[in-house]
Amino acid sequence: MPEPLDTLQSLTSLTVANASLALEQGLAAIRAGQTVFDLRHVATVDSGAVSVMLAWQRAARVAGVKLELQNLPPKLKSLTNLYGVCALVAGLGPDAVCPPDMQAPVVTRLESPLASI
């Protein structure tokens with residue numbers, strides 16, 4: 001029976017501290033033919049996560065495959081929106097609109113009580 005493909009469900013953290021390891025794990029999965037990464041168990045993220053996901057997308061593009069990143073946690077969606085790379089992380093290209101499932105919840109700006117002073 002063939003080995004199941006690594007969908008990266010074992011990944012629980014995607015930070016600067018483990019970025020190199022996560023990057024290599026993802027690149028190995030892409031080389032093995034994996035085209036879907038499930039990030040549902042990622043609980044801790046920082047800016048390193050965005051860099052890793054962009055590198056995965058570049059590697060997939062070079063390999064001639066479309067990489068689908070599924071179940072991004074809200075904090076990770078928020079970071080990709082903040083940096084303006086949501087569509088790139090989704091593998092859509094620089095001029096594309098971020099798909100609804102990748103968009104972070106909209107936070108409305110609250111008026112500061114000091115604004116009227």
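Biologist: At what angle do H2 and helix H3 pack, and how far apart are their axes?

Modeller: This is a predicted model, in which local features need pLDDT of at least 70, side-chain atom pairs count only at pLDDT 80 or more, and totals for chains, interfaces and linings use all residues. Residues are numbered from 1 along each chain as its sequence is written, and side-chain values use heavy atoms, with hydrogens and water left out. Axes are lines fitted to C-alpha atoms, for helices over the stretch in contact, with angles from 0 to 180 degrees between N-to-C directions. For H2 and helix H3 (residues 74-82), the angle is about 75° and the axes are 9 Å apart.

Biologist: Which term describes how H2 and H3 lie to each other?

Modeller: Angles under 35 degrees count as roughly parallel, over 145 as roughly antiparallel, 65 to 115 as roughly perpendicular and the rest as oblique. H2 and H3 pack at about 75°. The two helices, H2 and H3, are therefore roughly perpendicular.

Biologist: Which residues in H3 are met by Ser47, Ala49, Val50 and Met53 in H2?

Modeller: Contact means heavy atoms within 4.5 Å. The residues of the contact of H2 with H3 divide into five nonpolar, two polar and no charged. Here Ala, Val, Leu, Ile, Met, Phe, Trp, Tyr, Cys and Pro count as nonpolar, Asp, Glu, Lys and Arg as charged, and the others, Gly among them, as polar. On the H3 side, the residues met are Leu76, Leu79 and Thr80.

Biologist: What kind of aromatic pair do Phe37 and Trp56 form?

Modeller: Rings of Phe, Tyr and Trp (its six-membered ring) pair if their centres lie within 6.5 Å; planes under 30 degrees apart count as stacked, over 60 as edge-to-face and the rest as tilted. Phe37 lies in strand S2 (residues 36-38) and Trp56 in helix H2 (residues 47-63), so the pair ties together parts 19 residues apart in sequence. With 5.0 Å centre to centre and 90° between the planes, the pair is edge-to-face.

Biologist: Is Asn71 buried, partly exposed or exposed?

Modeller: Asn71 sits in the loop between strand S4 (68-70) and H3. Buried means under 20% relative accessible area, exposed over 50%, and partly exposed in between (1.4 Å probe, protein chains only). At 39% relative accessibility, Asn71 counts as partly exposed.

Key. Helices (H or I, at least four residues) and strands (E, at least two) are DSSP runs, numbered from the N terminus.
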